[in-house]
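Please look over the model below before reading these notes.

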Amino acid sequence: MDNRETFGSRFAVIMAMAGSAIGLGNIWRFPYIVGQGGGSAFIIVYLISTLVISLPIFLSEAVIGRKTHKGTFGAMQQLAPGTPWRWLGLLTVVSPLIILSYYSVVGGWSVEFLFKALTLGFSTGNEAEITGFFGSFISSPWGPLACHTVFLGICALIVVAGVKKGIETFSTWTMPVLFVLIVFIMIYALTLPGSGAGVDYLLKPDFSKLTASAVASAMGQSFFSLSLGVGTILTYASYVHKDENLLGSGIGTAGFDLLFALIAGFAVMPAVFAAGIEPAAGPGLVFETLPYIFAKMGASTPWLSALVSILFFLTILVAAVSSAISMLEVGVAYLVEEKHFTRGKAVAVLFVGCWLLGALCSLSFGPLAGVKIFGETLFSFCDKLTSNFLMAFGGLLFTIFAGWRMDRADVRDELRAGKAFRVLYFLIRFVAPAAIVLIFLTNLFL
Ligand code: TRP
C-alpha cells in the first residue's frame with residue numbers, strides 16, 4: 001500500500017513506541033516490585049529478562065508488522081492465509097481494546113487528580129481528608145464516568161488525527177517533556193530529608209528476596225512494561241519505514257522505558273520513605289500515598305506542594321495517554337484496513353465500544369461492586385484476563401510465528417542484525433517461548 005502512513009524518523013519511531021511502553025506500569029508497579037524483589041539484584045534479573053525475553057518478543061512483533069505493513073489481522077492474513085493464525089490476528093485486535101477500556105478508567109482518575117492539583121486541592125487540604133479522597137471518588141458513579149469520557153476523548157482526538165499528525169506529533173513532543181518532568185520530580189524527592197531510605201529500598205541488593213516468584217515477576221513486568229503480546233508494537237512497526245533499523249528501535253525503546261522506570265522509582269520511593277510511609281503497589285501508591293505527601297508538604301510550603309502535585313499528575317496523565325493511543329490504533333488499523341472504515345468512523349465506533357466497557361469497569365468500584373466474574377469485579381477481571389493471560393499468550397504466539405512460521409530469510413532481512421542475527425533468532429525460537437511458558441506456570445502455581 002503506497003499511501004500508507006509511516007513515522008517520519010528513527011526518533012519518532014522510538015518516541016511513539018516508548019510512549020506506548022512508558023505508562024502506569026513504570027510509575028506505580030516497577031518501583032514497588034523492585035523493592036520487594038531484592039533491589040539491585042532484582043534490577044539485574046529485570047535487565048537480563050529484557051534482553052533475553054522481552055527484546056526477542058518485541059522484535060518478533062516488529063518483524064511481522066514491518067514485513068507486511070499491515071495491522072495484526074492483516075499481517076496474519078498476508079503471511080499465513082487461510083490458517084488458524086487468523087485467530088491470533090483477531091485476538092490481538094480485541095485484547096488491546098479490553099486493556100484500553102479499563103486503562104481509560106485509571107486515566108480518568110489522573111484527569112480528576114490533575115484537576116484537583118490545579119485547583120490547589122492537595123496543597124491546602126488536610127491530610128486525612130486527602131487520603132480518603134481517592135476511595136470516595138472512585139466509588140462515586142458520575143465523577144469517574146465523566147473523567148473516563150474526557151480521557152478516552154483525548155485519545156480519540158489524537159488517533160483520529162492520524163499516525164503522523166496525531167500519534168507522532170503527540171509522542172515526539174510529550175515524551176521528552178515527560179522525561180524532564182520526572183527528572184525534576186526525582187531531584188526534588190532526593191533532596192527531602194530521610195529520602196535515603198527510599199534509595200536503599202530500590203538499590204540495596206538482597207539476594208534472599210530473589211525467589212522464583214520474584215524472578216517471574218521481573219520477567220512479567222518487563223513484558224508488561226514494553227506493551228508486548230497484544231499487537232501494539234506490531235501495529236506501530238507496520239508504520240516504520242523499510243530503511244529503519246528495527247533492532248535499534250527495539251533497544252532504544254527498551255532502554256528509554258527502563259531508564260524512565262528507574263527514574264520514576266527514584267522520584268516516588270524517596271518521597272514515600274521521607275514521609276515515613278510503607279510503600280504500596282498500584283493505584284494506592286500514586287493516588288493515596290503521594291497525595292498524602294503533597295498534603296503534608298502543603299502545610300509548610302503550599303506553593304511547592306502545588307507545583308509538584310500538578311507536575312506529578314500531569315506526568316501520569318501524559319504517560320497514560322501515550323500508552324492508550326497505541327491500544328486504540330490497533331483497532332483502528334484493523335477497521336480501516338480490513339473493513340474499509342474511514343479513520344473517523346473507526347475511531348468513533350471504538351470510542352463507543354470502549355467507553356461502554358470502561359463505564360462498566362468504572363462502576364464496578366461503586367454501584368456494580370457486587371457483580372463478580374470468577375470472583376472478581378469487572379475491572380479486575382479485565383485487568384487479570386489481559387495482564388496475566390492474553391498478553392503472555394499473544395507474546396508466545398508471536399514468537400512462535402516469527403520463529404517457526406515465517407521464512408527465516410524474511411526475518412533476517414527485516415532485522416538486518418548482521419552477526420547478531422543467529423543469537424537473536426535463537427532467542428526468538430527457543431528461549432523467549434520457553435520463558436513465557438515458565439512465567440505462566442510459575443504464576444499459576446505460586
Ligand atoms: N506498557 C504500559 C505501561 O507500562 C502498559 C501496557 C500493557 C500497554 N500492555 C499494553 C500499553 C499494551 C499499550 C499496549 O503502563
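1. In which helix is serine 40 found? Serine 40 belongs to helix α3, residues 40-68; helices are DSSP runs of H or I with at least four residues, numbered from the N terminus.

2. This is a predicted model, in which local features need pLDDT of at least 70 and side-chain atom pairs count only at pLDDT 80 or more, while totals for chains, interfaces and linings use all residues. Residues are numbered from 1 along each chain as its sequence is written, and side-chain values use heavy atoms, with hydrogens and water left out.

3. A polar atom of the serine 40 side chain lies 2.4 Å from the backbone oxygen of leucine 203. Leaving out residues up to four places away in sequence, serine 40 touches Leu202, Leu203, Lys204 and Pro205 (contact means heavy atoms within 4.5 Å).

4. Around the ligand there are 17 residues, of which Ala21, Leu24, Gly25, Tyr103 and Phe224 come nearest (a residue is near if one of its heavy atoms lies within 4 Å). The shell divides into 8 nonpolar, 9 polar and no charged residues, with Gly counted among the polar ones.

5. A ligand oxygen atom is 2.9 Å from a polar backbone atom of glycine 25. A polar side-chain atom of serine 227 lies 3.1 Å from a ligand nitrogen atom. The elements giving two or more residues to the shell around the ligand are α1 (10-21), α2 (24-37), α5 (85-118), α11 (212-225) and α15 (302-338).

Definitions and conventions. Polar contact = N/O pair within 3.5 Å; in protein donor to acceptor, adjacent residues only side chain to side chain.
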